[in-house]
Amino acid sequence: METPEPRWLTDDETRAWLVLAGMLVRLPAELDAQLQRDAGLSHFEYQVLAGLSEAPGRTLRMSELALFANGSLSRLSHVARRLEDRGWLRRGPDQDNGRFTVATLTEAGWAKVAGSAPGHVAAVRRLVFDPLTQTQVRQLREIGSRLLAATGDAGRPLSQRLGGRAGSLPPRPQPGETGGRVRREAPDAAEAEAGLTPGRT
């Protein structure tokens, strides 16, 4: 039986792929370097804290937090232990279902992510949005959504999987508040913890 001929990339596809491959390496490295330099956090650690900062009660099941942060549960558990040692989050049983573990952002954790956000958003703007037109931003969202769907997420953006959260930037406190969160509907994801092992930058 003959082996089917590979679907080789066209010249245009090759050029597009090389650009994308370079971005997949260099952009996460730049974002990670900024956070490490200015906040002493990895990008993944920031994602964990930011996800909790946007959640109702600043609390999420570990399974939901892994989905938001785009990491495996084992990686999240390791990072959560480190953040817990720093006093930025605490873990405990889910009061609604003791089979699950939840993570809660502490006041110190809120202060950490709120203080880290300005530098992070400045880097995101400089590296991603400032070089693009508004039309290109919309195209980027569409292209990114299609590529994420192709990885097996059933076509549902991560923000929809977690109740419409906006992304990796924490909410800004309202005037007169020292902390807080954006009021959002509770996450609609109730999958078993062992079944969630996604992966984004």
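This is a predicted model: local features need pLDDT of at least 70, side-chain atom pairs count only at pLDDT 80 or more; totals for chains, interfaces and linings use all residues.
Of the 201 residues of the protein, 34% count as buried. Reading from the N terminus, the elements follow the order α-α-β-α-α-β-β-α-α-α. As for how the chain folds back on itself, take the contacts between residues at least 6 apart in sequence: 67% of them join residues at least 24 apart.

The sheet comes first. Its three strands line up in the order β1-β3-β2, forming an open sheet with antiparallel pairing. The edges are held by β1 (59-61) and β2 (89-93), and each has a single partner strand, so one side of each goes without a neighbour in the sheet. From one strand to the next, the twist averages 25°. Between β2 and β3 (residues 101-105), which run antiparallel, there are five bridges. Within this part of the sheet, proline 93 sits opposite threonine 101 in β3. Helix α2 (residues 43-54) packs on the sheet and touches β1, β2 and β3. The direction of α2 makes about 85° with that of β3.

Helix α3 (residues 62-69) packs with helix α4 (residues 73-85) at an angle of about 100°, and their axes are 9 Å apart. That angle falls between 65 and 115 degrees, so α3 counts as roughly perpendicular to α4. On the α3 side, the residues involved are Met62, Ser63, Leu65 and Ala66, and they meet Leu73, Leu76, Ser77 and Ala80 in α4. Sorted by class, this α3 and α4 contact has six nonpolar residues, two polar ones and no charged ones.

Helix α4 also meets α2. Here the axes come within 11 Å of each other and cross at roughly 80°, and α2 and α4 are therefore roughly perpendicular as well. The contact brings Phe44, Glu45, Val48 and Leu49 of α2 up against Arg75, Leu76, Val79, Arg82 and Leu83 of α4. By class, the α2 and α4 contact has six nonpolar and three charged residues, with no polar ones. Leu76 of α4 turns up in the contact with α3 and again in the contact with α2.

What is the backbone of asparagine 70 doing? Its phi is near 60°, a positive value in a residue other than glycine. Asparagine 70 belongs to the loop between α3 and α4. Its relative accessible area is 4%, under the 20% cut-off, so asparagine 70 is buried. The side chain of asparagine 70 reaches the backbone oxygen of phenylalanine 68 at 3.1 Å.

Phenylalanine 68 itself lies in helix α3. At 9% relative accessibility, phenylalanine 68 counts as buried too. Phenylalanine 68 and valine 48 are 20 residues apart along the chain, with 7.7 Å between their C-alpha atoms. For asparagine 70 and valine 48, the spacing is 22 residues in sequence and 9.3 Å in space, C-alpha to C-alpha. Val48 is one of the α2 residues that meet α4.

Arginine 58 likewise has a positive phi in a residue other than glycine, in this case near 55°. Arginine 58 is part of the loop between α2 and β1. With a relative accessible area of 12%, arginine 58 is buried.

Serine 42 is another buried residue, its relative accessible area being 15%. Setting aside neighbours within four places in sequence, serine 42 is in contact with Asp32, Leu35 and Gln36.

Terms used: Residues are numbered from 1 along each chain as its sequence is written. Side-chain values use heavy atoms; hydrogens and water are left out. Two strands pair if DSSP finds at least two bridges between them. Helices (H or I, at least four residues) and strands (E, at least two) are DSSP runs, numbered from the N terminus. Axes are lines fitted to C-alpha atoms, for helices over the stretch in contact, and angles run from 0 to 180 degrees between N-to-C directions. Contact means heavy atoms within 4.5 Å. Angles under 35 degrees count as roughly parallel, over 145 as roughly antiparallel, 65 to 115 as roughly perpendicular and the rest as oblique. Ala, Val, Leu, Ile, Met, Phe, Trp, Tyr, Cys and Pro count as nonpolar, Asp, Glu, Lys and Arg as charged, and the others, Gly among them, as polar. Buried means under 20% relative accessible area, exposed over 50%, partly exposed in between (1.4 Å probe, protein chains only). A polar contact is a pair of N or O atoms within 3.5 Å; within protein, one must be able to donate a hydrogen and the other to accept it, and residues adjacent in sequence count only if both atoms are side-chain atoms.
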